[in-house]
Amino acid sequence: MYVINEKISIRNYQSYIALKAHDADFKSLRDGIIEWGSSVFPQAKINNLKDVADCINNSEFSSEINKLMKILYSSQSTLTDWNADKFVQTFNLIYKKNKK
């Protein structure tokens, strides 16, 4: 089940994040990444995408997170920089490295 706002756990972060990235559902994608980061790094205080990127400490992942933040928070953002396949590929590599 994929209901984040009610704090119900996502059972498969990889599938959920890939789905939201390809659907260009950026708010749900953000929420899924934050929830995933919180589950992988329970000792860290994760409140936003930057906190997740800081925990991962990978330049390629940080670059993809920055693109996502630009789309979410910049009034000048466009979707021309968004590549869902690249985002998902990068996330999957990080996911595999940090799998519990």
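1. A residue is called buried under 20% relative accessible area, exposed over 50%, and partly exposed in between (1.4 Å probe, protein chains only). The model is predicted: local features need pLDDT of at least 70, side-chain atom pairs count only at pLDDT 80 or more, and totals for chains, interfaces and linings use all residues. Numbering runs from 1 along each chain as its sequence is written, and side-chain values use heavy atoms, with hydrogens and water left out.

2. The protein chain contains five helices and zero strands, in the order α-α-α-α-α. Helices (H or I, at least four residues) and strands (E, at least two) are DSSP runs, numbered from the N terminus.

3. Of the chain's 100 residues, 39% are buried.

4. Five salt bridges are counted, each requiring a side-chain nitrogen of Lys or Arg within 4 Å of a carboxyl oxygen of Asp or Glu. One of them joins Arg30 to Asp31, with the closest N and O atoms 3.0 Å apart; both Arg30 and Asp31 are buried.

5. Another salt bridge links Lys86 and Glu60 at 2.5 Å, N to O. Because Lys86 belongs to helix α5 (residues 84-97) and Glu60 to helix α4 (residues 59-73), this pair ties together parts 26 residues apart in sequence. Lys86 is partly exposed at 29% relative accessibility, and Glu60 is partly exposed at 36%.

6. Lys20 and Asp25 also form a salt bridge, at 3.5 Å from N to O. Here Lys20 is buried, with a relative accessible area of 16%, whereas Asp25 is partly exposed at 26%.
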